[in-house]
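Please view the sequence and the structure below before reading on.

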Amino acid sequence: GVQTCALPILQLFRASPGRWTFLVVAYWLLIAIVNRIDYLGSMIVTICLPGFSASFMVVCEEIQHGRPVRPAILFAGFQRNPRTMVLLGVIYLVSVMAVLGISALADGGVLMNWLLLNKPPEESVIVEGKLSGSLLLAAVAATPMLMAFWFAPVLAAFEGMSAAKSLFYSFFACWRNWRALAVY
């Protein structure tokens with residue numbers, strides 16, 4: 001089984017707060033810079049999310065074992081099962097687009113335009129409740145997708161699972177722990 005991050009995250013942070021802070025800020029800056037690329041930036045960021053998720057688990061593992069954490073570790077998740085990480089990212093992008101497509105059924109694409117094209121909704125859409133309905137529909141549609149992706153990057157990186165297998169096991173791990181998921 002996955003043995004990484006056995007210590008509570010707060011304990012891992014306390015072991016190396018400066019490094020954690022540096023890595024998180026570096027990650028945010030990198031994401032902000034890439035997001036500045038029109039249209040492609042947000043797609044690139046979305047595709048890279050599983051790799052970065054695995055990278056932060058590698059950070060946990062390194063700190064837990066007392067090994068030094070260098071800035072390059074921010075990309076360590078991409079070195080473990082890299083094809084699967086990219087495939088998970090592409091599947092995640094397609095899934096997000098599908099959820100936004102489903103939300104368009106409630107608001108005619110207002111939420112999708114807001115998130116993808118940075119076109120804020122008109123006040124009438126907010127007042128009429130169409131945006132609220134769209135957000136609710138998107139949340140319901142996104143829940144199973146997020147369950148599938150919750151543990152998938154870690155399973156792919158640390159257990160060498162394929163994209164399909166990691167998504168399957170992640171979904172059912174969340175399903176079996178539905179009470180904790182509901183609280184979260």
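## The pair K130 and E128

K130 and E128 form a salt bridge in this predicted model, and their closest N and O atoms lie 3.7 Å apart.

E128 is exposed, with a relative accessible area of 54%. K130 is partly exposed, at 41%.

## The pair R67 and E62

A salt bridge also joins R67 to E62, with 2.9 Å between the closest N and O atoms. E62 has a relative accessible area of 15% and is therefore buried, the cut-off being under 20%. R67, with 37%, is partly exposed.

## The pair R80 and E61

R80 forms a salt bridge with E61, and the closest N and O atoms of the two are 3.0 Å apart. This pair links distant parts of the chain, for its residues are 19 residues apart. E61 belongs to helix α3 (40-64), whereas R80 lies in the loop between α3 and α4 (82-107).

E61 is buried, with a relative accessible area of 16%. R80 has a relative accessibility of 26%, so it counts as partly exposed.

## Overall count

The count of salt bridges comes to 3. As a general principle, side chains of opposite charge can pair when their charged atoms come close.

How values were computed: Residues numbered from 1 in each chain as written. Predicted model: local features only at pLDDT ≥ 70, side-chain atom pairs only at ≥ 80, totals over all residues. Heavy atoms only, no water. Salt bridge = Lys/Arg side-chain N within 4 Å of Asp/Glu carboxyl O. Helix = DSSP H or I, 4+ residues; strand = E, 2+ residues; numbered from the N terminus. Buried < 20%, exposed > 50% of the residue type's maximum accessible area, 1.4 Å probe, protein only.
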